[in-house]
Amino acid sequence: MSGTRERPDASGHFGPYGGRYIPETLFAASEELAQAYEALKGDESFKNELASALREFAGRPTPLFHAERLSDRVGASVYLKREDLCHTGAHKINNAVGQVLVAKRLKKKRVVAETGAGQHGVAVATVCARVGLPCVVYMGKTDMERQAPNVERMRLLGAEVRSVSSGNATLKEATSEAIRDWVTNVESTYYLLGSAVGMHPYPAMVRDFQRVIGDETIAQITHAEGRLPDLVVACVGGGSNAIGMFAPFLERKERVRMVGVEAGGSGRDDRRHAASLSRGSRGILHGALQYLLQDDDGQILETHSISAGLDYPGVGPEHAYLKDAGLVEYTAVSDEEALSAFRTLAALEGILPALESAHAIAYLLKHSASEAELIVVNLSGRGDKDLGIVANVQL
Ligand SMILES: *Cc1c(COP(=O)(O)O)cnc(C)c1O
């Protein structure tokens with residue numbers, strides 16, 4: 001079973017991972033969503049509405065750019081999938097555009113969401129403004145401080161940003177708060193989750209809304225080179241840009257090597273990282289069985305990454321399945337390597353990548369002697385939001 005179309009099973013499992021470990025009050029809501037989404041997936045009018053929103057509002061298709069000077073540096077032909085050129089500056093908009101159409105079809109009156117770096121919050125505020133739905137975005141207090149421009153963007157777009165100060169005050173706590181709001185207001189409210197994580201059907205639905213990245217890439221690389229690449233690389237936080245890129249490749253009979261790059265943080269053998277797949281163990285978070293960073297008592301650990309968008313202690317359940325099945329390789333690079341890749345891409349190609357995306361570039365720079373001749377890297381977002389961090393960095 002290598003095709004993503006057969007996953008998950010009817011109960012939302014990818015092998016043992018995923019599922020719905022949720023309170024009874026949420027079960028009906030998640031089931032309503034699962035059934036509605038199942039029906040919409042094959043609905044022609046929904047598919048047409050989605051395609052035109054992606055084209056005319058989100059700015060798709062995004063280019064596949066041949067990075068010549070980076071290719072020379074790496075010693076292989078490297079193409080960048082330019083998700084940084086999407087409206088609002090990252091792949092997050094693909095999923096937000098899709099899910100807000102689901103919310104409309106379900107006749108929900110308000111939208112809630114969580115955000116880490118603020119990219120997903122901005123995407124949600126953007127699509128809610130477009131369709132005229134009120135929205136509340138939960139954001140950790142720490143993240144609100146380090147990503148202040150995105151807080152301002154969300155407010156200008158009409159969203160209410162609610163600060164969450166429990167625990168680490170980052171993405172995990174914001175997600176728990178958004179779920180709490182959803183449980184309390186389940187009749188009126190749509191929960192617009194931002195990555196391929198959480199309880200069924202989110203990991204599958206978010207993957208499906210992001211697979212446009214991989215579908216376009218296959219068409220574009222085939223047009224440019226007459227074949228599929230040897231290697232495809234994407235960064236992994238919750239795992240949505242990576243699964244969106246990988247899913248169509250997993251369905252092909254040609255073998256393409258795929259690598260997911262996590263946040264290795266300090267790069268030392270300590271706990272200051274967010275590499276759930278490379279260094280975590282099995283556990284349940286936000287309704288799904290997955291790989292997690294936890295202590296011996298099952299308490300979730302504080303994570304660290306220079307990029308707020310990768311700073312999450314869990315990862316989408318389909319990635320756990322793909323790792324165990326040996327279909328995708330997962331590894332981590334450090335803050336320092338990501339930062340250096342940020343500077344290298346800026347200097348060689350005139351592109352400031354998001355620090356998240358810089359992790360994927362860093363992998364390439366680190367493994368330039370690999371035998372791959374044709375490589376695609378998913379450039380998940382642009383780096384403007386990170387300029388303050390890059391300028392003030394103390395590693
Ligand atoms: C949020 C974000 C990520 C990480 O999220 P995934 O769900 O793993 O894709 C990566 N890159 C950018 C630019 C982001 O905004």
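How many bridges pair strand β5 with β8, and in which sense? Strand β5 (residues 110-115) and β8 are joined over three bridges in the parallel sense; two strands count as paired if DSSP finds at least two bridges between them. Strands (E, at least two residues) and helices (H or I, at least four) are DSSP runs, numbered from the N terminus.

The model is predicted: local features need pLDDT of at least 70, side-chain atom pairs count only at pLDDT 80 or more, and totals for chains, interfaces and linings use all residues. Residues are numbered from 1 along each chain as its sequence is written, and side-chain values use heavy atoms, with hydrogens and water left out.

**The parallel sheet**

β5 and β8 belong to an open sheet of four strands, ordered β7-β6-β5-β8, in which the pairing is parallel. The edges are taken by β7 (160-164) and β8 (189-191); each has a single partner strand, so one side of each has no neighbour in the sheet. On average, neighbouring strands of this sheet are turned by 25° against each other, direction ignored; axes are lines fitted to C-alpha atoms, for helices over the stretch in contact, and angles between N-to-C directions run from 0 to 180 degrees. Val111 has Tyr190 in β8 as its bridge partner.

Strand β6 (residues 135-140) is largely enclosed by the rest of the structure, because six of its six residues are buried. Buried means under 20% relative accessible area, exposed over 50%, and partly exposed in between, with a 1.4 Å probe and protein chains only. Cys135, Val137 and Met139 point one way from β6, while Val136, Tyr138 and Gly140 point the other way.

Asp181 lies in helix α8 (residues 171-184) and is buried, with a relative accessible area of 6%. Leaving aside neighbours within four places in sequence, Asp181 is in contact (heavy atoms within 4.5 Å) with Arg110, Val112, Tyr138, Arg162 and Thr189.

**Cores and helix α9**

A nonpolar core is a set of buried Ala, Val, Leu, Ile, Met, Phe, Trp, Tyr and Cys residues joined through side-chain atoms within 4.5 Å. The largest one holds 94 residues, and Tyr190, Tyr202 and Phe246 touch the most other members. Apart from it lies another core, of 36 residues, including Leu231, Val333, Leu339 and Val377. Beyond four places in sequence, the contacts of Tyr190 include Leu33, Val102, Leu106, Val111, Tyr202 and Met205.

Tyr202 and Met205 are among the buried residues of α9. Helix α9 (residues 202-210) is mostly covered, with eight of its nine residues buried.

**The mixed sheet**

Another open sheet has six strands in the order β3-β4-β14-β9-β10-β13, with mixed pairing. Here β3 (64-66) and β13 (329-333) stand at the edges, each with a single partner strand, so one side of each is left without a neighbour in the sheet. Neighbouring strands of this sheet are turned by 25° on average, direction ignored. β3 runs antiparallel to strand β4 (residues 77-82), with three bridges joining them, and Phe65 stands opposite Leu80 in β4. Helix α15 (residues 355-366) packs on the sheet, touching β4, β9 (231-235), β10 (257-263), β13 and β14 (374-379), and its direction makes about 140° with that of β9.

| Side chain | Ligand atom | Distance |
|---|---|---|
| Lys92, N or O atom | oxygen | 2.8 Å |
| Ser240, polar atom | oxygen | 2.7 Å |
| Ser380, N or O atom | nitrogen | 2.7 Å |

His319 is found in helix α13 (residues 317-324) and is buried, with a relative accessible area of 1%. Not counting residues up to four places away in sequence, His319 touches Gly238, Gly239, Ala242, Ile243, Phe246, Leu277 and Tyr330.

Terms used
A polar contact is a pair of N or O atoms within 3.5 Å; within protein, one must be able to donate a hydrogen and the other to accept it, and residues adjacent in sequence count only if both atoms are side-chain atoms.
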